[in-house]
Every structure is written in structure tokens, then in C-alpha cells.
Amino acid sequence: CTVKNIERIVLNIPFHPRCERVKELRVFGWSVVELCRVTLSSGVVGVGETLPNYTFRRSTDELFNKVIGHNLFDHLWDDTLGAGLQMALFDAVGKNENVAAYSLLGNKIREWCPISWWAMDMGPKDWARQCKEAVAKGYVSTKLKARSWQDLHACLQAIFRVVPKQFKLDLDFNGTLVNSANAVELLKSLEQYEQVAMIESPIPQDDVSGNRHIRSRFNRPLAMHFGSPPIMTTLAEDLTDGFVVGGGAAQ
């Protein structure tokens, strides 16, 4: 089955008022969403989505022309196509062959997957407002961009006053704690909060000895972006409990 046509649809979706002020300062380009609409010779349509100002690669006209007129299986596994176009190809072939997307990737691993709320670094009132709304919408966890220039304890305590005890927090520092001495001191102080479930990238990921030291001193799971350090180094040095796969560049 060949790719007959590809259409690009670009949307500029305003941020929600509850986070507009912060996101306009930090990640203003994330309001732009690009949809790739792939039409096959069979008439089946597949759709993919990406944030062109964030996701790992943009789907350009040059890449579109590389695929149009070709059998879609010739390019299905080509990661250089960009997230939106590649996603659309997978969507199209799944619909065309009447199979679930996971069956194109491998064996089915789980019946369901948890989805977490997400928020940028904010002050106590804003974080509490975010998490309160997350609970109201049925979420049981959130990932928060934690930063040392905020009063992290005040932020967490404000959250705990408005969420149930089973609500979990994952804190992503994006390497901003700089070194293991700074990180261990702060992270150890967070162990008093049972609802803090996981820490992501507390210091730059290429600091192998520093990340190893943090993991030896901190008793909660740690996560890192896949690829930095190289996977065999990460495994040999036992640096992490899990990986963030895809998304933005590794810290």
C-alpha cells in the first residue's frame, strides 16, 4: 500500500489560563502543534501529532516527498521522519491492516498505562492549584518541574494540603541541582514526604560518579533520559531505576 498524499496542519493552541503566565515565559513555542495527515492509496487516513518546537525532529516537506509514492512499509521504521509523520504512518498501517498499533511494535506488555498530570516550576499557590485540579479530573499522580530557586518544601506542603494522601509526585530537576553534594542534601530532605515517588535527572546526566553517589544515598527511585551516559555505562554503573524514552534532548 503506497502513500498517496501527506497534509500538514499547524495549530496554535492557547495555553490554559491556569498555566499561561508560566508557559508563555518558559516554553512559549509549545503552543504550536503540528498534525500530519497521511492518505494511503487504499483511502485509509492516518494522523500523527508533534510539537515542532520540542519533539526530537520536525517533519519537513523534504521528508514528506521522500515518503509520498512509496510503500509505507519502506519508511515505517525510519526515525529520521520525525515524530508526527512516523506516528501517522503507524496509524495508517494499523487502520489499513485492522491491527492495534502495539502489534506493530512487539508483544503486548500491559493492559493499561497510568497517565500523569504535568506542570512547570511554579510557586506554592500555583502548584497547589494545579494539583487540586489534577485530582478533580481523576489523576492520581503528577510530574512537576522542580527547581532549587523555588522554596520546594513550601511548594510540596501547599500541595499536600489540597490532595489526598495517595496522590504521588514525581519531581524532575533537569540537572539543575548541579552536583551530587547539592543534590544529596536537598533530596535527603525530601525523604520525609512519602508522596514524593520518584526523582528525575537531579544533576547533569553525564556526571557518572555524581549520579552513582546520589543513587547510593537516596532511597527513592531515580530516572534518567535514555542515551546519556551511554546505555552500557548506565547499566554497568547502576545509575538509575528507569528511563525516560523520547521527548526532548537528554539533560
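The following dialogue explains how to read several features of one predicted model.

Trainee: What should I know about the model before reading it?

Mentor: The model is predicted, so local features need pLDDT of at least 70 and side-chain atom pairs count only at pLDDT 80 or more, while totals for chains, interfaces and linings use all residues. Residues are numbered from 1 along each chain as its sequence is written, and side-chain values use heavy atoms, with hydrogens and water left out.

Trainee: At what angle do H5 and H6 pack, and how far apart are their axes?

Mentor: Helices (H or I, at least four residues) and strands (E, at least two) are DSSP runs, numbered from the N terminus. Axes are lines fitted to C-alpha atoms, for helices over the stretch in contact, and angles run from 0 to 180 degrees between N-to-C directions. Here, helix H5 (residues 124-136) packs with H6 at an angle of about 35°, and their axes are 8 Å apart.

Trainee: Which residues of H5 and H6 meet?

Mentor: Contact means heavy atoms within 4.5 Å. From H5, the residues are Pro124, Trp127, Ala128 and Cys131, and they meet Leu152, Ala154, Cys155, Leu156, Ala158 and Ile159 in H6. For classes, Ala, Val, Leu, Ile, Met, Phe, Trp, Tyr, Cys and Pro count as nonpolar, Asp, Glu, Lys and Arg as charged, and the others, Gly among them, as polar. By class, the contact of H5 with H6 has 10 nonpolar residues, no polar and no charged ones.

Trainee: Is the crossing of H5 and H6 left-handed or right-handed?

Mentor: A crossing is left-handed if the near helix is turned anticlockwise from the far one by less than a right angle, and right-handed if clockwise. H5 passes H6 in a right-handed crossing.

Trainee: How do H6 and H7 lie relative to each other?

Mentor: Angles under 35 degrees count as roughly parallel, over 145 as roughly antiparallel, 65 to 115 as roughly perpendicular and the rest as oblique. The axes of H6 (residues 152-160) and H7 (residues 180-190) come within 11 Å and cross at roughly 25°, so H6 and H7 are roughly parallel. Their crossing is right-handed. Leu152, His153 and Leu156 of H6 make the contact with Leu186, Ser189 and Leu190 of H7. By class, this contact of H6 with H7 has four nonpolar, two polar and no charged residues.

Trainee: At what angle do H7 and H8 pack?

Mentor: The angle between H7 and H8 is about 20°, with their axes 9 Å apart, which makes H7 roughly parallel to H8. The crossing of H7 and H8 is right-handed. H7 contributes Ser180, Ala183, Val184, Leu187 and Lys188 to the contact, and H8 contributes Gly210, His213, Ile214 and Arg217. By class, the contact of H7 with H8 has four nonpolar, three polar and two charged residues.

Trainee: Which residues line the largest cavity?

Mentor: On a 1 Å grid over the protein atoms alone, a cavity is a set of points where a 1.4 Å probe fits but cannot get out, and a pocket is an open set with protein on both sides within 12 Å along at least five of seven lines; lining residues have an atom within 4 Å of a point. Grid points are joined across faces, edges and corners, and a volume is the space filled by probe spheres set on the points. A search of the whole structure finds one cavity of 30 Å³ or more. The largest cavity holds about 30 Å³ of space, and its lining consists of Pro202, Asn211, Ile214, Leu222, Ala223, Met224 and Leu239. The largest share, three residues, comes from S8. By class, the lining has six nonpolar, one polar and no charged residues.

Trainee: What is the volume of the second largest pocket?

Mentor: The second largest pocket has a volume of about 280 Å³. Among its 13 lining residues, Gln86, Met87, Phe90, Ala101 and Leu105 are the closest to its centre. Helix H3 (83-97) and helix H4 (102-105) each give two or more residues to this lining, and H3 provides the largest share, seven residues.
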